[in-house]
Amino acid sequence: MARAAVPNTPWTFHYRDSTTTLAKSTQHKRNACVMTRREPSTALAHKASELNIELDGLSTEDLCAMYLSTLLEAATQEHTTSGTGMLISYDQLLEHDFVTDVVLPYLGLQAAIDADPATASANVDSTLSTQSKNRGGVKPWNADEEVLHISDKVRSASSLFMGNAIEAIGRL
């Protein structure tokens, strides 16, 4: 619906390797994708039907992997058909000046950057260095704290439902 209202608006989709995404998505108190079991999106319901899978019978890892695969598919399809999207790997976001030099201009913000480059750069640095899950205050992001266990269940579900999707996105 939003795309119909503003069909030429640029957008970005940020992704990272599927096993890490799935491991983070299935962490306790973070696995909102489990809620899709009872009220699946149209895309998730369609994919389950297409694969002849009952959502109620899936493990948390399989359900979340299947759900995340529908997001990847929607982003890549929209990117391919509309030409208005930019698919950005997590690693690119961490590259020095990538957001300021590539992403923000793509989104039509070059004039704001030109007007005050130092503030634009500081705002990007501040945003990227803050944990998004932190509630009630600002906590600096620390990559060393992000190490997480990736179980065999996560690896298997990621492979089954997301396969080489992340690598395919990188080739677009």
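Reader: Is aspartate 97 buried, partly exposed or exposed in this model?

Author: Aspartate 97 is partly exposed, with a relative accessible area of 30%, where buried means under 20% relative accessible area, exposed over 50% and partly exposed in between, with a 1.4 Å probe and protein chains only. This is a predicted model, in which local features need pLDDT of at least 70 and side-chain atom pairs count only at pLDDT 80 or more, while totals for chains, interfaces and linings use all residues. Residues are numbered from 1 along each chain as its sequence is written, and side-chain values use heavy atoms, with hydrogens and water left out.

Reader: Where does aspartate 97 lie, and what is its phi?

Author: Aspartate 97 lies in the loop between helix H5 (90–93) and helix H6 (98–106), helices being DSSP runs of H or I with at least four residues and strands runs of E with at least two, numbered from the N terminus. The phi of aspartate 97 is near 65°, a positive value in a residue other than glycine. Most residues other than glycine have a negative phi.

Reader: And asparagine 52, what about its phi and where is it found?

Author: Asparagine 52 also is not a glycine and has a positive phi, of about 55°, and it is found in the loop between H3 and H4. With a relative accessible area of 71%, asparagine 52 is exposed.

Reader: Switching to the inside, which residues touch the most other members of the largest nonpolar core?

Author: That core has 25 residues, and those touching the most other members are Phe13, Leu22, Leu55, Ala65, Met66, Leu87 and Met162; a nonpolar core here is a set of buried Ala, Val, Leu, Ile, Met, Phe, Trp, Tyr and Cys residues joined through side-chain atoms within 4.5 Å. Two or more residues each come from strand E1 (11–15), helix H2 (18–25), helix H3 (42–50), helix H4 (60–82) and helix H9 (152–162). The largest share, seven residues, comes from H4.

Reader: What is alanine 65 in contact with, leaving aside neighbours within four places in sequence?

Author: Alanine 65 is in contact, meaning heavy atoms within 4.5 Å, with Leu22, Ala157, Ser158, Phe161 and Met162. Apart from this core lies another, of ten residues, including Met86, Ile88, Leu93 and Val99.

Reader: Zooming out, how many helices and strands are there, and what percentage of residues counts as buried?

Author: The protein has ten helices and two strands, and 33% of its 172 residues count as buried.
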